[in-house]
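Grab a pencil and let's work through a few exercises together. Have a look at the model first, then try each task before you read its solution.

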Amino acid sequence: MKFDHKVLDILSKAAEDVAPTREECKRLLALGEATPEAFAVRAAAGAIVRGKNENAAYIYGQIGVEVEPCEANCSFCAFSKDYTGFGRVRMDDASIAQRTHEFTDGGDMFGLCVMTMHKYDKDFFLHAVDIARANAPSGTRIVSNIGDTDYEAFAEMKAAGLDSVYHVCRLGEGKYTKLDPKDRIRTMENAKKAGLDLLDTLEPIGPEHGADELLDNIFRTIEMECLVAGAMKRTPVPGTPFENTGSITDLRLAQILAIVALAMLHLKRYPAILIHEPGPMGLVSGGNLISAETGVNPRDTAADTAAGRGLDVDACRRMLHEAGFTALCRGDDTKVALTPEYIEAARR
Ligand code: SF4
């Protein structure tokens, strides 16, 4: 077997904290997913990420508090107005409080994300943040996943207890969505200006996405100095235009995730690396953050994803333990040992 030694050079440098250049990332993206070099890339990223944070992992959670047919009309989403089977659903206060407790009691959750549609009612969202903040432990970050937002609104949300913002200029933005990429990027800048941490992911990755498109997004995450980076593949949601267009394999997703993880060596503050949807392959390839989900979910046609695609927190702990992580890192950067005894005790 002949091994591309240039790949080994890139990985050796990465092991010494030297980030791959854009051209080097492109070389790694061009590797066939089942080649020895691609396996080496995954393995190196897995070891490097674990070395960055004492083999600790992160659990993130998302509560979809409001859904309606969404004007952004993203072709990959279960809420798009042209394809959705959902009407308007809004979670009541008691349910938001209850779901917050279910996710965050015990304090292991790194960040709890409150999700709405692209166009959202700011007062309702502030109210939902208020409930989440009041019912979550102080060490758990409260995160938004909302539509394009200006600086003033983010400043108001920060005052209400929001810590971080999940916002992405997605692959195919403006082509598969009715949103302007410039507005998406401006929203990311507004969040940063308001003093909120930014969470980003390379998503939703489909088989048609070429290296340059992937790299533009990866290097934007670096430019924005995000607290979270990662990779998510496109789910072929029934009833959407992507229902039958196929998707990338988990093996390819893990390769792309590994390259994201290596590229993040450009950042001084090394981010958590989200793999979505959660799975063992991503967790040995640089992923160290997975997400529990409840309520509505853009990749699921069920009204409560907890009964469908979503994992609960106990399942997240178990998956991370099985992947060999030995600690959980909480939102305030404290760590707790992830042992079978701890997992059992936390479940009760
Ligand atoms: S992905 Fe978000 S913005 Fe796009 S249609 Fe779905 S809810 Fe709306």
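Helices (H or I, at least four residues) and strands (E, at least two) are DSSP runs, numbered from the N terminus. This is a predicted model, where local features need pLDDT of at least 70, side-chain atom pairs count only at pLDDT 80 or more, and totals for chains, interfaces and linings use all residues. Residues are numbered from 1 along each chain as its sequence is written, and side-chain values use heavy atoms, with hydrogens and water left out.

**Exercise 1.** Find where D17 is and say what its phi looks like.

*Solution.* Start with the place: D17 is in the loop between helix 1 (5-15) and helix 2 (22-29). Next, check phi: it's positive, about 75 degrees, although D17 is not a glycine. Finally, D17 is partly exposed at 45% relative accessibility (buried means under 20% relative accessible area, exposed over 50%, partly exposed in between; 1.4 Å probe, protein chains only).

**Exercise 2.** Now do N73: is this residue buried or exposed?

*Solution.* Look in the loop between strand 2 (66-67) and strand 3 (89-90). Phi of N73 is near 55 degrees, positive in a residue other than glycine. With a relative accessible area of 6%, N73 is buried. N73 also belongs to the ligand's surroundings, along with residues including C70, H118 and R170 (a residue counts as near if one of its heavy atoms lies within 4 Å).
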